[in-house]
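Here is a short report on one protein model. Please keep the sequence and the coordinates open while reading.

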Amino acid sequence: MAQLKAVSPPCSSINLAHLGPKTGSWLYNNKVSWPRKVHSLQQFGSSASELHGHAFVSNNRNVTQVCDKKVIQAVLSSDKEVEVSSAKNGGLRGKLNKVVLAYSGGLDTSVIVPWLRENYGCEVVCFTADVGQGIGELEGLEEKAKASGACQLVVKDLKEEFVRDYIFPCLRAGAIYERKYLLGTSMARPVIAKAMVDVAKEVGADAVSHGCTGKGNDQVRFELTFFALNPELNVVAPWREWDIQGREDAIEYAKKHNVPVPVTKKSIYSRDRNLWHLSHEGDILEDPANEPKKDMYMMSVDPEDAPDKPELVEIGIVKGLPVSVNGKQLPPASLLAQLNEIGGKHGIGRIDMVENRLVGMKSRGVYETPGGTILFAAARELESLTLDRETIQIKDSLALKYAELVYAGRWFDPLRESMDAFMEKITETTTGSVTLKLYKGSVSVTGRKSPNSLYRQDISSFESGQIYDQADAAGFIKLYGLPMRVKAMLEKGI
């Protein structure tokens with residue numbers, strides 16, 4: 001079938017449809033029908049020019065109808081069915097010029113492409129960010145996008161930016177959401193959305209779109225980034241607009257519009273993967289009482305099947321940020337990838353939790369974050385040498401808010417940016433190395449050292465020293481405990 005989008009309303013709308021496998025052609029009820037398959041645009045043009053005096057001119061893949069000195073231009077995609085509608089009215093829901101869609105090649109984003117064209121009369125530019133999800137998820141994307149009706153696919157490698165500018169600041173801040181979640185998806189969304197804003201500017205798009213559901217956090221994360229970086233962009237969220245209720249409906253829609261579907265109705269888990277983590281949701285995990293299946297995990301081995309011999313790994317850190325593994329300097333993305341491999345084979349970084357989504361409901365997710373778990377253990381441990389008690393307490397309290405802001409999609413919020421400046425300043429002396437032992441799912445610290453260590457063996461030793469006089473403790477205790485002593489005296493009438 002052919003999809004045609006009008007850009008001007010010179011005369012009554014004509015619906016071009018039914019390019020089927022029969023023979024002959026006719027005009028009936030304002031529809032041009034070819035019951036036999038049209039093999040070229042030249043054939044299309046010559047046939048159409050005979051219809052009621054309307055002149056059609058074909059040029060490559062462009063078809064033009066001339067009527068009353070005004071022009072309708074359309075793009076013909078072979079074997080795709082689309083209706084010609086006037087530009088004044090646009091699609092079924094309005095008119096947009098060009099939309100940049102966050103595209104994964106999965107079922108949801110594949111059906112969004114024809115839905116956008118049908119409902120907003122627009123061109124669709126698919127955008128895919130490489131944030132370390134794996135080469136397998138990037139293969140064949142251009143063919144899939146164009147088969148769905150997209151005019152272009154843009155792919156950008158964001159791995160280095162993702163780790164350097166998003167993951168490492170969260171690591172430095174110690175940001176962990178609700179005691180467990182290391183924010184893998186939360187950190188990835190703003191870097192993707194930022195790139196979408198850039199692509200929209202590059203291709204002249206007036207709108208952006210995503211495939212996030214109306215029940216999740218990601219819709220907020222994408223859209224807050226759009227608002228912060230370009231408030232003039234229109235945002236289209238199909239899951240909040242269309243009649244598709246679930247995956248089965250989406251599959252039926254895809255079949256109806258001849259869009260190749262990459263999944264079947266038997267798909268089990270909803271997953272999100274990037275260089276930091278892999279998340280699993282859905283199926284049996286929706287019951288918090290169910291234990292995850294052993295074959296669900298993909299980044300890490302079962303701790304019971306991990307090597308019987310522990311492995312030591314040394315993490316080098318400069319100013320709160322990791323720079324080396326076992327003495328070898330590595331760029332951020334390579335460093336994380338290596339730790340994922342090391343940690344994964346020892347079953348490190350599996351988290352099973354019930355979290356509170358931003359939209360109000362609870363959800364159960366299972367996360368694999370092998371490299372990230374190792375890095376968090378190392379960073380926290382080095383801070384025990386370089387930060388004093390009050391600083392650690394303030395930093396930990398702010399880390400909770402920092403994590404909440406990132407989880408809620410407020411990466412470009414001035415508050416998070418200001419807190420990040422504080423974290424950068426407070427960790428200026430956090431330089432050194434930490435040695436960790438990895439064994440059957442556990443990470444334990446075996447040593448730590450720093451040129452800026454506040455730990456002094458001559459002071460901390462139980463042996464007598466010149467700096468700390470144990471007799472001084474008596475006066476300190478009396479003053480420190482004075483409020484408690486006064487309260488007790490009051491109660492006893494002393």
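**Overall make-up**

This is a predicted model. The protein has 494 residues, and 48% of them count as buried. It holds 14 helices and 20 strands. Take the contacts between residues at least 6 apart in sequence: 69% of these join residues at least 24 apart.

**Nonpolar cores**

The largest nonpolar core has 72 residues. Which of its members touch the most others? They are Val100, Phe127, Leu183, Met196, Ile315, Leu339 and Leu375. Helix H5, residues 184-203, gives the most to this core, with eleven residues.

Leu183 deserves a separate entry. Its contacts, leaving aside neighbours within four places in sequence, are Ala175, Tyr177, Ala403, Val406 and Tyr407.

A second core is separate and has 29 residues. Trp115, Tyr120, Cys122 and Val124 are among them.

**Helices H2 and H7**

Helix H2 spans residues 107-120, and helix H7 spans residues 247-256. The two pack at an angle of about 55°, with their axes 10 Å apart. H2 and H7 are therefore oblique to each other. Is their crossing left-handed or right-handed? The crossing of H2 and H7 is left-handed.

On the H2 side, the contact uses Leu107, Val111, Pro114, Trp115 and Glu118. H7 supplies Arg247, Ala250, Ile251, Tyr253 and Ala254. By type, the residues of this contact divide into eight nonpolar, no polar and two charged.

**The loop between H4 and H5**

Helix H4 covers 159-173, and glutamate 178 is found in the loop between H4 and H5. Arginine 179 is found in the loop between H4 and H5 as well. Most residues other than glycine have a negative phi. Glutamate 178 has a positive value instead, and so does arginine 179.

| Residue | Phi | Relative accessible area |
|---|---|---|
| Glutamate 178 | near 50° | 31% |
| Arginine 179 | near 75° | 81% |

How do the accessible areas of these residues classify? Glutamate 178 is partly exposed, because its 31% lies between the 20% and 50% cut-offs. Arginine 179 is exposed, because its 81% is over 50%.

Conventions
Residues numbered from 1 in each chain as written. Predicted model: local features only at pLDDT ≥ 70, side-chain atom pairs only at ≥ 80, totals over all residues. Heavy atoms only, no water. Axes fitted to C-alpha atoms, helices over the stretch in contact; angles between N-to-C directions. Helix = DSSP H or I, 4+ residues; strand = E, 2+ residues; numbered from the N terminus. Parallel < 35°, antiparallel > 145°, perpendicular 65-115°, else oblique. Left-handed = near helix turned anticlockwise from the far one by under 90°. Contact = heavy atoms within 4.5 Å. Nonpolar A, V, L, I, M, F, W, Y, C, P; charged D, E, K, R; others polar. Core = buried A, V, L, I, M, F, W, Y, C linked by side-chain atoms within 4.5 Å. Buried < 20%, exposed > 50% of the residue type's maximum accessible area, 1.4 Å probe, protein only.
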